Amino acid sequence: MQLDNLYQEVILDHYKHPENKGLATSYDAQVHHINPSCGDEITLNLTLQGQKVSAISWDGVGCSISQASVSIMSSLMMNKELSEAQTILDEFVALMQSKGSGSPDESVLEDAVAFAGVSQYPARIKCALLGWMAFKDASVQAQKKN
Amino acid sequence: MSLDVARIRKDFPIFTRTIRDGKKLVYLDSGATSQKPQVVIDAEVDFYAKHNAAAHRGAHQLAEEATEMFEASRETVASFLGAKTEEIVFTKSATESLNLLAYAFSNAEPGSQFAIGSEHSIVVSEMEHHANLIPWQQLAKRSGAELKWFGVTSDGRLDESNIDSLITSKTKIVAITQQSNVLGTINNLDHIIEKAHKVGAIVIVDACQSVPHIPVDVTNLGADFLAFSGHKILGPTGVGVLWGRYELLNNLPPFLFGGSMIENVTMTDATWAEAPRKFEAGVPNMAQVVGLAAGIKYLQSIGLEKVHEHEKALTRYLLNELNQIPGIAVVGPTDVSLRGGTVSFTLEAIHPHDLGQYLDSAGIAVRTGHHCAWPLTRALGVPATTRASLYVYNDNSDIDALIAAIKDAKKYFGQ
């Protein structure tokens, strides 16, 4: 079934058992991102130690794609240098824009390769990107603050 | 009384195609836009192929024919609504119709009946589509008027309990929907219109979801202005209608300025043509207007009463079937005498986007999200819903397909 390309097991697992969900009380930057076409919302808290991500926590409501994507992203970015995080982010955005023809680098994206199928569904790309754009925004704000 | 849906479907070429690898198209998204019968497509093609010229301009035969077809379409829309021909304004969308009104109020001379300021209030409802909320919200901001609104009861009806504190001697505008695009609720506006007129307010009705589905006669309704879109009533995109009571329409200042809406122009001043022309600046969307008239005639050939009865029967069946699925919660009235064929629901932990995606894989088109009525979905405490909306080309087999696919989706997502 073509739908299985979209709803990989790892996505549904993260949706049912999200990681790093529940907002930490202290953070360097807090951002709130909304997908206005569907109403999905997430709040993301980010803490940096120097140029390294030391904590990410988040809360939100939305579809399995948007929520699983934040969950996987938050685990992936934890303890990464910001430069490395940027490389991962760029790779993920490129994958989303690949219209189904991308060959994702699993060594970079790890579990996030599960979203490769999303690029075949134009209406869902924004869902998958919601958390990643929130991370990008938060990292810029946290750097400014520090 | 029932419609011959098999015959009707033959008039809509889109039903000859298949969806997602050969599946039958089950189209349950007419609340967003309706499909088009061949007669509408043909009317547009015929206009471009044989009669294309700028209406109301030019001294040649094509211009004459284009003008005649455009104005005959106005008569069709007028008779459909029980209105006078000169009370029909063609716009590019219902959204434009409502914005036209809001900006026309802004353009009113101080002291005129449309002038609005901080001493006034505007009343809307919490179940408005963004298109009948934001123009008024922003007019309130521009003018200093107070924005007030009717709430919604827990079963999705308009809460009129505080009407006396909402509609007062300060009220200038009451802008309200006749049928909710999320809840399906049909609002009986008699009491609100009567109360509004008693205090001298102007009543504007968003009829986008009602006019395609139930008989609407503007004389009986008693409102002052009414807006609807062409593409939801079998017509093309790019055409909307604004109806206004003539004496009001003729006194209302224009919103868009330009060609063909004038009486006289000098370098420093201009005067306006009479309504409706003063609201139709620029070469209009002629082919779309002609297409809309063809769509309305097609609908009239079926009969609006029959359309309404058909949708009522389908809605009853849909609600009945939905209620038998554990975990389904319908948002909106369950009494079919209070509602139309737009049914929104939630399904336990399966997010509407995921359900919508699954339904799509089965060839079923529904709408998911907040349906451009975000304040409403927030008030109802459901960030998003799945919406199935019915029309003349739907029958019980479409509902059976939806119900079967919802049950399959529950298994797929492990509920």
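Predicted model: local features only at pLDDT ≥ 70, side-chain atom pairs only at ≥ 80, totals over all residues.
**Chain A as a whole**

Begin by selecting chain A. Its secondary structure comprises six helices and three strands, and along the sequence these follow the pattern α-α-β-β-β-α-α-α-α. The radius of gyration is 14 Å, close to the 15 Å that the globule rule gives for 146 residues, so chain A is as compact as a globular protein of that length. Taken along the principal axes, the box filled by the C-alpha atoms of chain A is roughly 45 × 30 × 25 Å. Of the 146 residues, 42% count as buried. Among the contacts in chain A with a separation of 6 or more, 61% are between residues 24 or more positions apart.

**Where the chains touch**

Next, display chain B together with chain A. The contact between them takes 11 residues from chain A and 12 residues from chain B. On the chain A side, six of these residues are nonpolar and five are polar, with no charged residues.

**Helix H7 of chain B**

Select residues 190-198 of chain B, which form helix H7. Which residues of this helix are buried? They are B:Ile192, B:Lys195 and B:Ala196. These residues cover an arc of only 100 degrees around the axis, which puts them on the same side of H7(B). After the helix comes B:Gly200, whose phi is positive, near 85 degrees.

**Strand E18 of chain B**

Move on to residues 385-389 of chain B, strand E18. Five of its five residues are buried, so the strand is largely enclosed by the rest of the structure. Both faces are covered: B:Thr385, B:Arg387 and B:Ser389 lie on one side, and B:Thr386 and B:Ala388 on the other.

**The partners of E18**

Strand E15 (residues 342-347) of chain B runs antiparallel to E18(B) and is joined to it by four bridges. Strand E17 (residues 367-369) of chain B is also antiparallel to E18(B), with three bridges joining the two.

Technical notes: Residues numbered from 1 in each chain as written. Chains lettered and ligands numbered in written order. Contact = placed C-beta atoms within 7 Å. Nonpolar A, V, L, I, M, F, W, Y, C, P; charged D, E, K, R; others polar. Buried ≥ 20, exposed ≤ 12 C-beta atoms within 10 Å, placed from the backbone. Pairing = 2+ DSSP bridges. Rg over C-alpha atoms; globule rule 2.2 N^0.38 Å. Arc of directions from axis to C-beta.
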